[in-house]
Amino acid sequence: MEHGRRIVVAAAFFLLFAGASAVQAADPEIDKLLQSPVGKDWVTNGGNTTNQRYSTLKQIDTTNVQQLKGAWVTRLKGSGVGGKYSFEATPLVKDGVMYVSTGNDDVFALNAKTGEMLWERWSGIDQKLTSVCCGWDNRGLAMGEGMLFIGQLDANVVALDIKTGKEAWKTPIEVWQDGYGVTSAPLYYDGIVYSGITGGEYGVRGRITALDAKTGKILWRWYTLPAPGDVGGDTWPAGTDHYLHGGATIWNTPALDPQLGLIYFSVGNCGPDYDGSMRPGDNLFCASVVAVNAKTGQYAWHFQEVHHDIWDYDAASPAVLFDTVIDGQQRKGIAQAGRTGWVYILDRTNGKPLVGIEEKAVPQEPRQKTAKTQPYPVGDAIVPQCAKPMEGFERIGCIFEVFWEEPTLVQPSGIGGTNWSPMSYNPDTGLFYVPGIIRTSAFVRYGDKYKKGLQYNGGSQAAPIGSEMSGTWTAIIGNTNKIAWQENVPFPVGRGGGSTTTAGGLVLHGDSDGTIRARNAKTGEVLWQFQTGFGAEAPPIVYEVDGDQYIAIAAGGNQGIGSANGDAVWAFSLNGQLNQAAAPALPATIVGPTVGPIADNADTVNIGANNIEFGYFPRRDRIKPGSTVTFTNAGDTPHTATSYEKGKVGAWDTGTLMPGQSKTITFDKPGNHYYICTPHPWMYGQIIVE
Ligand SMILES: [Cu+2]
């Protein structure tokens, strides 16, 4: 019903729009698809401008999904194959052609019925980028006016001819050497390409950038860090330039409401991540959902999920627009799944809570200048929000627990809750399908000075050695924010994958064990699963060619989870003939180098070798007291080897090693010496001295 109404309103809008002036939509067909329920084609990252990832196709449903088999699988010629990459893209489909981007920003066009490669475009991006915080990845493309649009890790937004892949224009929206990049899929609508920007771990100034789709000319920027005098400018310390270095980047595709004329986006963490001591105030618009005028970039409203963030609690997952009924009233909603583990449900006309969000008093740490209160949504969290006790840690807390220089266990970790992965919304069930990570971090502050282009974190949040990680899939009721069903899964989810839902009553998602699964949207029951052979850590899509419905997913793993890396795109249909692939190696569920082979007296540890960028080789090394170990960066990215004992960081430290650099450390004291890479606190190593 909701969609029926929307079509009518959208049509009325179009008539008004067309009749109002000589202004004509630059691409009327795409604009119409962007504001219609998703059917045959999947033309933008979130399906349409709502980001609901809901397909009206229902040839595949709860009664026949068990018959699904592989229709085709295509390997993308080794693009994005290597340890530094994740494959997180949502493919697009239009008129029987699929377009997909890899972690190297390479783009491929495939016949969506057969998987045959039609063209390829290799990005040629610099392989020595130092501004990539969290693995090389790209979340997808936008299309319009006969072009595809991609934001690259080197901070260029590029337009390609949709028929050939030839570059049409290329606009640097920033300079990667200053810490910037793009990982999110852009949004195209009505002649404008909207792009987010990354660099929240590099002391950058976040923003949304609007470009003219025809020429690539930058039309406007809206900064997520307000200057003094701007709305929110008084939430930063007066007389400082911290608003130029406070992070607040955008990791995902905006949503857009054509009737209200607003675009909506989720905004990431404050910088430095774990040190709030020099930035008193709420620090807008970190960890917020923001609406601005889609044409002009004029501020409309904001809702801040975490005041004065010191936990890396980004709003990283895309905001989703939906319509619902509350107390008999038709309401225009927007929802965002935060790293806090809550879904924030708001009125998209004004940013006010729709279901209820209470400001509550929280623990205080004056040195961190912590906010007095934090928003607590009414309803259920999708992950536990208190850390379990662990030996060796005296400070343990729940969400918003404070910390200074003594390691403090807090759950959710700054990885989530829900990380970058999208949730979906099914208007038939009224449910959101939310990916979640269960993980505990040992938060510690150690201070940092801003240096252009380098990481600016101010502390660490590595998970303690031996702690457990897992995941959840949760259905959240859209008008109560309560759990309808939930299932725990063995691996963290929500770092790459995400969910998609259909009128056939299905929820589709990949998992890091390589399996794509279809669940009953009402109950969560797994109805079908299929092994892709690589970490299935990208959101699925649904489309139709020649009367047949397909489900497709990029399968190439996630470096942050440690799932199997690859370059496959799979499509499934009821006529499919292909059987499952062999299962890949499973990612770790226990943190740290506690299992696996131990080298004897290795005097060198290579970082980023063996085509695994985010790892130490050997990972475990047994040496005699007084021996030296030389740590050499054999990878493409700056790394460190930094002592990590019971959450305490830095008793010894190589410091930042640029590619090719080495540092030798002498180990005298017998015992276990664990270490991490401070910019990549999911890299762990162990030196055993005995
Ligand atoms: Cu590293």
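**Pockets, cavities and one buried serine**

Okay, let me start with the largest pocket: the residues along its lining split into 26 nonpolar, 12 polar and four charged. Keep in mind that this is a predicted model.

So what else can I tell you about that pocket? The space in there comes to about 1,000 Å³, and 42 residues line it. If you want to find the middle on your screen, look for Gln559, Ile561, Gly562, Phe614 and Arg619, which lie nearest the centre of the largest pocket. As for secondary structure, two elements give two or more residues to this lining, namely β41, at 616–617, and β48. The largest share is from β48, with three residues.

Now the second largest pocket. Its volume is about 460 Å³. Here the lining is made of 25 residues, and Leu454, Gln455, Thr656, Thr678 and Pro679 are the ones nearest the centre. By class, you get eight nonpolar, 13 polar and four charged residues in the lining of the second largest pocket.

How many cavities of 30 Å³ or more turn up in a search of the whole structure? Six. The largest cavity holds about 220 Å³ of space. Around the largest cavity there are 24 lining residues, with Cys134, Glu201, Tyr274, Asp312 and Trp682 nearest the centre. And β48 is back: β29, covering 459–460, and β48, covering 680–689, are the elements that put two or more residues into the lining of the largest cavity. Sorted by class, the lining of the largest cavity has nine nonpolar, nine polar and six charged residues.

Where does Ser413 sit? You'll find Ser413 in the loop between β25, which is 408–410, and β26, which is 424–426. Is Ser413 buried or exposed? Ser413 counts as buried because its relative accessible area is 0%, and the cut-off for buried is under 20%.

Who are its partners? The Ser413 side chain reaches the backbone nitrogen of Ile415, at 3.0 Å. If we leave aside the neighbours within four places in sequence, Ser413 is in contact with Tyr313, Arg339, Arg439, Thr440, Ser441, Phe443 and Gln461.

Conventions: Residues numbered from 1 in each chain as written. Predicted model: local features only at pLDDT ≥ 70, side-chain atom pairs only at ≥ 80, totals over all residues. Heavy atoms only, no water. 1 Å grid on protein atoms, 1.4 Å probe; cavity = no way out; pocket = protein on both sides within 12 Å on 5 of 7 lines; lining within 4 Å. Points joined across faces, edges and corners; volume = space filled by probe spheres on them. Helix = DSSP H or I, 4+ residues; strand = E, 2+ residues; numbered from the N terminus. Nonpolar A, V, L, I, M, F, W, Y, C, P; charged D, E, K, R; others polar. Buried < 20%, exposed > 50% of the residue type's maximum accessible area, 1.4 Å probe, protein only. Polar contact = N/O pair within 3.5 Å; in protein donor to acceptor, adjacent residues only side chain to side chain. Contact = heavy atoms within 4.5 Å.
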